Amino acid sequence: MKEENMEDDLELPLPTGQENFAVWCQDVYQSYGKLKALCNMSLAVPQGQIYGLLGPSGCGKTTLLKCIVGALKISQGHITVLGKPPKFPGHKVPGKKLGYMPQKLALYSEFTISETLTFYGRIHGLTSKKIQERMNHLIDVLELPQKTSLVQNLSGGQQRRVSLGVALLHNPELLILDEPTVGVDPVLRSKIWQHLVEIVKMGKVSVIITTHYIEEARQANMVGLMRNGQLVAEDPPDAIMQQHCSTTLEHAFLQLCETSDNENDPKQESSPPDGTLESQPFPRVGSPPAEESLKGSVDWKVRARHMLPKWRNIAALMIKTFVRLKRLPGSLVLQFMLPVMEITLICLCVGEPKGIRVAIVNNETLFPSVSKSLLSFLDNSSVQQVSLSHQEAFEGIYNGEYWGVIAFGKNFTSYLIKRMVEKQVSQEIIDGGSVHIWLDETGKTTYFSAFVDHNLGDRAYQVALPVKFEKPIYGSQNKVFPAFVTPGIALSIMFYQAISLTTLAIVLERKEGLMDRCFVSGMRSFEMILAHLFSQLFIISIQIILLLLMILLVFKIPNEGSLVLIIILMVLQGVTGISFGLVISSVVDDEQNAFQAVVGLFQPNLLLGGIIWPVECIPYPLRYVSLALPLTYTTEALRCIMYRGWSLSQMMVWRGFAVTLGWNTFFVILATVILKLRM
């Protein structure tokens with residue numbers, strides 16, 4: 001109720017002279033790059049009339065309608081809708097005053113008829129009782145199936161009737177229909193036109209309709225013919241047929257098209273056309289109201305209220321998201337389980353090596369010998385020892401059969417004792433008392449070279465340097481690499497899952513025309529962003545709980561810090577991914593480019609973000625790039641919390657939180673600005 005009063009306060013009186021016109025366009029230009037879609041376009045739609053906009057495909061009809069509803073910004077000229085320019089503060093155009101049926105179907109296929117009409121009814125601020133009343137009326141008028149029927153199970157004609165019902169739902173003052181009767185049988189087409197004529201006669205409702213069925217446009221009060229982005233004729237249907245001595249409107253328009261094609265510079269009608277419901281002449285307005293002066297007259301409180309997000313729109317969008325998830329349980333389960341599968345693969349695949357085949361060349365014949373004692377301490381689950389001759393061992397490693405060769409000289413034990421007892425020994429004794437190791441260093445032996453320190457146990461000192469590593473201050477000597485990569489991998493999973501899902505969802509909605517329809521219904525870009533953020537928090541929360549269960553309980557990754565801080569940081573990183581996905585989806589227009597953008601950003605962040613390799617190992621020109629990435633400081637903060645037990649009082653921890661919040665704010669503002677510019 002409070003929100004309705006706010007909207008009433010926003011409404012302003014129409015400027016003098018504009019009350020008689022629903023839509024007024026003068027010298028409108030619109031181009032897509034070098035292609036001119038509209039050129040010097042001018043038309044006037046009287047209040048309380050049906051205006052039929054006719055023309056061949058590609059002549060600019062849909063572009064003109066998008067400009068009128070505010071979905072597309074004109075390059076030059078003036079447009080007023082119900083007395084004010086589109087998007088004027090407090091005017092509800094786009095919004096409640098406007099009913100729009102786009103050329104695309106623009107319906108959520110997972111919704112039922114009832115859910116579809118309820119969703120748009122919420123956006124328009126209708127009560128539940130009013131929505132049900134209008135729903136029952138429209139189902140009867142449009143001969144729709146049961147309201148529990150899914151949109152995706154309807155025929156093409158039934159789907160278009162549902163789309164028409166969405167435009168008619170809230171009794172708008174201006175109804176704009178882009179080819180509403182395509183795919184509809186003649187009987188129902190006649191019934192739709194009859195309903196349009198009735199609502200125009202009953203109240204102050206104006207209708208702009210485009211159609212391919214030219215003869216049915218005879219029921220309109222005024223028709224306009226577009227050709228090459230210009231209006232070449234605008235008159236009542238009977239007047240046009242009379243001017244061209246034609247018995248049908250289609251034949252008259254064929255003559256107009258031929259005349260237009262034969263002229264090098266088709267000129268637009270400059271004289272005011274005649275025609276009202278009673279075929280009385282109506283005056284054209286000399287000039288549009290000055291948009292700047294109108295905006296200057298708006299009180300700052302009105303501007304502020306206009307900028308505030310409407311929570312009913314946010315709630316409607318969130319409910320829409322949850323209904324779609326309920327209709328797609330497989331997709332929902334995949335969203336929950338995919339991060340779990342990814343972290344499981346990481347924890348299983350990154351760990352201690354198993355089954356390393358190593359060739360052993362032991363030339364010692366003395367028993368007992370130190371060489372056999374050292375070999376007995378090797379972990380047989382990690383190192384598989386194969387005793388061979390010197391020639392067979394080297395043939396095997398050259399052929400890629402073994403990862404390394406461990407060789408002991410004939411007098412290894414005696415020479416080793418001499419090295420430890422005597423102060424000075426010859427080079428021959430040093431070489432004979434040493435373990436000789438040849439490795440295949442082509443990426444296999446990252447762990448094998450450390451077997452002396454880890455696998456030989458209390459005998460390692462016999463072949464090691466005189467350096468002793470004490471108990472680590474932080475972390476553990478075991479599972480160093482898995483523990484290092486797990487925090488960064490968990491954050492990157494949250495980040496890129498959020499990017500992918502957000503980008504795909506927004507791009508598909510825009511491609512199917514759903515987003516444009518929501519914007520025309522009065523939803524703003526900031527409301528869409530907030531609704532998506534809030535609804536995705538539910539999915540993020542479930543994903544984080546499952547990830548932490550796998551990391552901490554199943555794979556026993558150590559954690560010395562606060563679980564609350566870990567969850568908050570992971571949630572913030574997921575929200576950063578959502579915000580970044582909004583930026584990508586606001587720039588690209590199709591899912592293929594969106595997918596390429598996400599994949600292209602994955603590897604640089606993985607390699608430079610300190611996830612699988614310390615930032616300190618990155619050379620300085622690239623290290624500056626690394627520190628500017630969204631994941632770098634956050635990964636460092638999560639490692640400090642988990643392995644050092646640090647709190648927000650430590651700079652490395654709060655810096656990670658601050659950087660994540662900064663990226664969130666930046667991405668949300670950037671996405672809002674881009675979406676607003678593209679609307």
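**Strands, helices and cores**

Student: What stands opposite Leu225 in E9?

Tutor: Ala233 in E9 stands opposite Leu225. This is a predicted model, in which local features need pLDDT of at least 70 and side-chain atom pairs 80 or more, while totals for chains, interfaces and linings use all residues. Residues are numbered from 1 along each chain as its sequence is written, and side-chain values use heavy atoms, without hydrogens and water.

Student: How do you know that E8 and E9 pair?

Tutor: Pairing requires that DSSP finds at least two bridges between two strands. E8 (residues 222–227) and E9 have five bridges, in the antiparallel sense, so the pair meets the definition. Strands (E, at least two residues) and helices (H or I, at least four) are DSSP runs, numbered from the N terminus.

Student: Why are E5 and E9 called edges of the sheet?

Tutor: The open, mixed sheet has six strands in the order E5-E6-E7-E3-E8-E9. E5 (98–101) and E9 (230–235) each have a single partner strand, so one side of each is left without a neighbour in the sheet.

Student: Which helix lies across E3, E6 and E7, and at what angle to E3?

Tutor: Helix H6 (residues 186–202) does, running at about 135 degrees to E3. Such angles run from 0 to 180 degrees between N-to-C directions of axes fitted to C-alpha atoms, for helices over the stretch in contact (heavy atoms within 4.5 Å).

Student: What makes Ile343 stand out in the largest nonpolar core?

Tutor: Ile343 is one of five residues, with Phe119, Leu177, Met528 and Met570, that touch the most other members of this core of 122 residues. Ile343 touches, among others, Ile489, Ile493 and Leu547.

Methods. A nonpolar core is a set of buried Ala, Val, Leu, Ile, Met, Phe, Trp, Tyr and Cys residues joined through side-chain atoms within 4.5 Å. Buried means under 20% relative accessible area, exposed over 50%, partly exposed in between (1.4 Å probe, protein chains only). Lists of a residue's contacts leave out its neighbours within four places in sequence.
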